[in-house]
Amino acid sequence: MQYRQLGASDLKVSAISLGSWLTYGVGVEADKTRACVDRSFDLGINFIDTANVYGRGAAETVLGEVLSGRPRDSYILATKLWGDMGGGDQGLSRAQVLKQIDASLQRLRTDYVDLYQCHRYDPNTPLEETLEALSEIVRAGKVRWIGFSEWAPDKIEAALAIPGVERFVSSQPQYSLLYRRPEQKVIPISAANGVSQIVWSPLAQGVLSGKYAPGAQPPADSRAASDSMGRMMDAWMKPEVLEAVQQLKPIAAEAGCTLSQFALAWVLREPNVASAIVGASRPAQLDENAAAADLTIEPELFARAEAIVAGVERVR
């Protein structure tokens with residue numbers, strides 16, 4: 001496994017990280033969650049990402065149970081706040097920051113998280129209030145570093161310009177061969193300011209594995225076939241997208257790897273990407289994906305792949 005520096009922090013995260021959106025505590029049983037987490041450690045994955053809103057606390061709870069027997073310094077743990085937790089608990093106000101970090105720590109069975117991320121931007125809270133509250137919990141020892149996910153470029157720049165507060169070290173955008181929007185502004189701003197990318201959906205929710213054939217029913221054990229995990233996939237399951245993805249398979253074969261590995265290696269080719277988050281319902285998926293971190297692929301093959309999917313990217 002390859003390890004990369006996370007922005008201006010002192011964290012070195014595995015290039016492939018384990019995520020829990022729509023999976024652990026929601027669509028994947030506890031025993032399978034434990035098997036996947038255990039396998040991730042075997043493979044050298046040291047970075048686990050979750051959020052308070054995943055299953056309204058369910059993902060954090062099951063991860064807390066699974067990780068409770070491991071030394072706390074053997075893994076890097078990231079979670080998030082902002083999402084609707086019920087009862088009016090939502091957003092990035094000082095009250096929510098203080099309340100949600102304590103709730104997350106309790107569910108995760110830990111005294112601190114290594115990375116605490118603003119899941120989205122909160123237009124109803126002054127940015128200064130959010131950054132001051134985040135700085136407060138860093139100084140209290142509950143959080144080591146802070147980050148954001150899916151913030152607009154102007155909001156990122158505004159946050160970085162606030163004096164006397166903790167600095168963001170990470171950005172968590174959607175980024176893949178089929179979704180390259182962060183390249184326009186977010187990555188350049190981040191690279192200039194000690195912020196690294198932690199990429200979510202680098203396989204476009206599994207579509208870039210090539211397992212979904214145009215006009216065919218999705219495999220029974222796939223995310224697209226799951227009521228709990230497939231509800232966000234409509235944008236990717238269009239025939240023109242699936243047909244373009246099938247055309248990538250020979251290029252991956254030429255590179256000597258699977259299509260999933262090729263797509264992950266494409267994301268990791270970007271120097272500002274510290275880690276690509278993958279989801280897994282079976283340990284074997286992690287075996288395949290983790291191997292992508294060590295691949296060396298000719299840029300010409302990546303360029304050919306980019307040309308094939310250029311016309312079907314969701315956002316160019």
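Here are some questions and answers about this predicted model.

Me: How far apart are the end C-alpha atoms of helix H4, and what span should its residues give?
Reply: Helix H4 covers residues 127-139, which makes 13 residues. The expected span is 1.5 Å times one less than the number of residues. That rule gives 18 Å, and the end C-alpha atoms agree with it, being apart by 18 Å.

Me: Which residues of H4 are buried?
Reply: To count as buried, a residue needs under 20% relative accessible area. An α-helix has 3.6 residues a turn, so residues three or four places apart point the same way. In H4 the buried residues are Leu-127, Thr-130, Leu-131, Ala-133, Leu-134, Ser-135, Ile-137 and Val-138.

Me: What covers the buried residues of H4?
Reply: The cover includes both helices and strands. Among the helices are H3 (94-108) and H5 (153-160). The strands include S6 (113-118), S7 (143-148) and S8 (168-171).

Me: Which residue just after H4 takes a positive phi?
Reply: Most residues other than glycine have a negative phi, and most peptide bonds are trans. Just after H4, a phi of about 85 degrees is found, and the residue that takes it is Gly-141.

Me: Is Arg-109 buried or exposed?
Reply: Arg-109 sits in the loop between H3 and S6. Its phi is near 60 degrees, a positive value in a residue other than glycine. The cut-off for exposed is over 50% relative accessible area. With 52%, Arg-109 is exposed.

Me: And is Ala-204 buried or exposed?
Reply: Ala-204 also has a positive phi, near 50 degrees, and is a residue other than glycine. Its place is the loop between S9 and helix H7 (239-246). Its relative accessibility is 0%, so Ala-204 counts as buried.

Me: How many disulfides does the count come to?
Reply: A disulfide is a covalent bond between the sulfur atoms of two cysteines. Cys-36, found in helix H1, is buried at 0% relative accessible area, and Cys-118 is buried at 0% too. For a disulfide, two cysteine sulfur atoms must lie within 2.5 Å. By this rule the count of disulfides is 0.

Me: What does Cys-36 touch, not counting residues up to four places away in sequence?
Reply: Cys-36 is in helix H1. Its C-alpha atom is separated by 29 Å from that of Pro-214, 178 residues apart along the chain. What Cys-36 touches is Leu-18, Tyr-24, Ala-280, Ser-281, Arg-282, Pro-283 and Leu-286.

Me: In strands S10 and S4, which residues stand opposite Leu-18?
Reply: Leu-18 belongs to strand S3 (residues 16-19), where Ile-16 and Leu-18 on one side and Ser-17 and Gly-19 on the other are all buried. S3 pairs with S10 (residues 273-278) in the parallel sense over 3 bridges, and 2 bridges join S3 to S4 (residues 47-49), also parallel. In S10 the partner of Leu-18 is Val-278, and in S4 it is Ile-48.

Me: In S9, which residue stands opposite Ser-171?
Reply: S8 and S9 run parallel and are joined by 2 bridges. From S9 (residues 196-199), Ser-196 and Ile-198 point one way and Gln-197 and Val-199 the other, and all are buried. The residue opposite Ser-171 is Gln-197.

Me: How many aromatic pairs are found, and what kind is the pair of Tyr-121 and Trp-151?
Reply: A search of the whole structure finds 8 aromatic pairs. The ring centres of Tyr-121 and Trp-151 are 5.0 Å apart and their planes stand at 90 degrees, so this pair is edge-to-face.

Me: Which residues form one aromatic cluster with Trp-151?
Reply: Trp-151 counts as buried at 4% relative accessibility. Trp-151 and Phe-168 form an edge-to-face pair, 5.3 Å centre to centre with 85 degrees between the planes. Trp-151 lies in the loop between S7 and H5 and Phe-168 in strand S8, so the pair ties together parts 17 residues apart in sequence. The residues in one cluster with Trp-151 are Tyr-121, Phe-148 and Phe-168.

Methods:
Residues numbered from 1 in each chain as written. Predicted model: local features only at pLDDT ≥ 70, side-chain atom pairs only at ≥ 80, totals over all residues. Heavy atoms only, no water. Helix = DSSP H or I, 4+ residues; strand = E, 2+ residues; numbered from the N terminus. Buried < 20%, exposed > 50% of the residue type's maximum accessible area, 1.4 Å probe, protein only. Contact = heavy atoms within 4.5 Å. Pairing = 2+ DSSP bridges. Phe/Tyr/Trp six-rings, centres within 6.5 Å; stacked < 30°, edge-to-face > 60°.
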